[in-house]
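Here is a short briefing on one structure. Look through the sequence and the fold before reading on.

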Amino acid sequence: MTLTLRIVLLFIAIVTGAWILYKINKSKLKMEDAIFWILAAILLLIMGIFPKVAYFMAVLLGIEAPSNFVFAFLIFVCLMKILSLSIKVSQLEEKLSIMADESAIQLYEMESERMEETSD
């Protein structure tokens with residue numbers, strides 16, 4: 001792994017960690033999401049400080065170059081986050097649909113009661 005890639009990994013890890021801590025401090029990020037990104041930043045930091053980890057994992061997985069492992073790892077991490085966010089969005093859409101249905105039923109019942117009162 002080149003020195004440039006190691007420096008970039010260290011820079012990204014430090015900037016990501018600082019940004020996550022800033023967002024936590026401003027209460028703009030849930031702790032569950034923050035833990036995910038902090039762990040990702042720590043893993044990048046480890047690979048930047050100890051490039052032998054990337055070499056070992058590349059050999060273990062049969063990847064030709066450690067830099068390819070780093071990029072594959074980052075893609076995998078992002079895909080896992082996208083999957084978890086897709087699941088959350090699906091769950092929220094389902095909840096929103098249920099709430100809209102319940103609200104429509106309540107509105108219909110209120111209108112029916114009001115119509116009955118005015119017809120009496």
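In this predicted model, K81 touches D33, F36 and W37, leaving aside its neighbours within four places in sequence. K81 sits in helix α4. Is K81 buried or exposed? Its relative accessible area is 9%, under the 20% cut-off, so K81 counts as buried.

**How α2 meets α4**
- The angle between α2 and α4 is about 175 degrees, and their axes lie 12 Å apart.
- The two helices are therefore roughly antiparallel, because angles over 145 degrees count as such.
- From α2, the residues in contact are E32, D33, F36, W37, A40, L43, L44 and M47.
- From α4, they are F69, V70, F73, L74, V77, K81 and K88.
- By class, this contact holds 11 nonpolar and 4 charged residues, with no polar ones.
- D33, F36 and W37, the contacts of K81, are among the α2 residues that meet α4.

**The largest nonpolar core**
- This core has 13 residues.
- M1, L9, M47, A54, F69 and V70 have the most contacts inside it.
- Two or more core residues come from each of α1 (3-25), α2 (31-49), α3 (51-61) and α4 (66-119).
- Which helix gives the most to this core? It is α4, with 4 residues.
- M47, F69 and V70 belong to this core and also take part in the contact of α2 with α4.

**Around M1**
- Leaving aside neighbours within four places in sequence, M1 touches R6, L9, M47, P51, A54, Y55, P66 and V70.
- Among these, L9, M47, A54 and V70 are listed with M1 for the most contacts inside the core.

Methods. Residues numbered from 1 in each chain as written. Predicted model: local features only at pLDDT ≥ 70, side-chain atom pairs only at ≥ 80, totals over all residues. Heavy atoms only, no water. Core = buried A, V, L, I, M, F, W, Y, C linked by side-chain atoms within 4.5 Å. Buried < 20%, exposed > 50% of the residue type's maximum accessible area, 1.4 Å probe, protein only. Contact = heavy atoms within 4.5 Å. Axes fitted to C-alpha atoms, helices over the stretch in contact; angles between N-to-C directions. Parallel < 35°, antiparallel > 145°, perpendicular 65-115°, else oblique. Nonpolar A, V, L, I, M, F, W, Y, C, P; charged D, E, K, R; others polar.
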